[in-house]
Amino acid sequence: MIKSTENLIKRSKKGDKQAFGELVLLYGEYVFSLVFRMVTIDAVAEDITQDVFVRAWKNIHKYEISKSKITTWLFTIASRLSLDYLRSHKNTQTINDDFDLAYNDEEVQDNKELGQLIRKASRELSDTQKLVFTLRDLEDLDVSEVVSITGFSEKKIKDNLYVARKRVREKVEFYLKIV
């Protein structure tokens, strides 16, 4: 962990709001990225990200530097809040879908469009599959970090990741065929 981050954490634990604000600036985009990949709606992702940092501020005194990285701790909070949102809005979620199937094969090769295809495909995963897929493949975390964040066993992570990758691959291939 970077010494300055450690110092910001220590100062935050003493109630220094400015130090915590610096932590938000350092890690806000990472947290938002994870949340957005889970919920796929900008406004909701912004609200959940804010809730993550409110909860982190209220519980910073419980965070132990020696037990986990700050990103692991923040991602744990973000994952739980995102899953709570997905579960409570299972049948009511309105998807802000800027995805457009009316573009040619050359544009599909662009990473942005491919990312849109993957996000669209991942919407159909179970909540657990989506979480594991997002943390492992989209956020590029090690399996051990995913275990720490989710509390799932390594086997459960690997099993869900296998199914998620297969389903995403099948959906992306399907989307590419209809373009």
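**Helical architecture and aromatic contacts of the predicted chain**

In the predicted model, confidence is lowest in helix α5 (residues 105-108), with a mean of 49, and highest in α3, with a mean of 96. The score used here is pLDDT, the predictor's confidence in each residue on a scale from 0 to 100. Its mean over the chain is 86, and 86% of the residues reach 70 or more. Over residues 93-105 pLDDT stays under 50, and the model has 23 contacts beyond four places in sequence for this stretch; contact means heavy atoms within 4.5 Å. Where pLDDT is low, the predicted coordinates should not be read in detail. Because the model is predicted, local features need pLDDT of at least 70 and side-chain atom pairs count only at pLDDT 80 or more, while totals for chains, interfaces and linings use all residues. Residues are numbered from 1 along each chain as its sequence is written, and side-chain values use heavy atoms, with hydrogens and water left out.

The chain contains nine helices and zero strands. Helices (H or I, at least four residues) and strands (E, at least two) are DSSP runs, numbered from the N terminus. Of the 179 residues, 42% count as buried; buried means under 20% relative accessible area, exposed over 50%, and partly exposed in between (1.4 Å probe, protein chains only). Among contacts with a separation of 6 or more, 65% come from residues 24 or more positions apart.

Buried residues of α3 are Val44, Ala45, Ile48, Thr49, Val52, Phe53 and Ala56. Their cover includes α2 (17-39) and α4 (70-88).

A pair of aromatic rings is described by the distance of the centres and the angle of the planes. Rings of Phe, Tyr and Trp (its six-membered ring) pair if their centres lie within 6.5 Å; planes under 30 degrees apart count as stacked, over 60 as edge-to-face and the rest as tilted. The count by this rule is six aromatic pairs. One of them joins Phe20 and Phe53 edge-to-face, at 6.4 Å centre to centre and 70 degrees between the planes. This pair links distant parts of the chain, with Phe20 in helix α2 and Phe53 in helix α3, 33 residues apart. Phe20 counts as buried because its relative accessibility is 9%, and Phe53 is likewise buried, with a relative accessible area of 8%. Ring pairs connect Phe20, Phe53 and Trp57 into a cluster.

Phe32 also belongs to helix α2, but its relative accessibility of 26% makes this residue partly exposed. Beyond neighbours within four places in sequence, Phe32 is in contact with Asp42, Ala45, Glu46 and Thr49. The C-alpha atoms of Phe32 and Ala78 are separated by 8.5 Å, although the two residues are 46 residues apart along the chain.

Most residues other than glycine have a negative phi, and most peptide bonds are trans. Thr40, in the loop between α2 and α3, has a positive phi near 60 degrees. Asp140, in the loop between α7 (127-138) and α8 (143-150), also has a positive phi near 60 degrees. Thr40 is buried, with a relative accessible area of 3%, whereas Asp140 is exposed at 59% relative accessibility.
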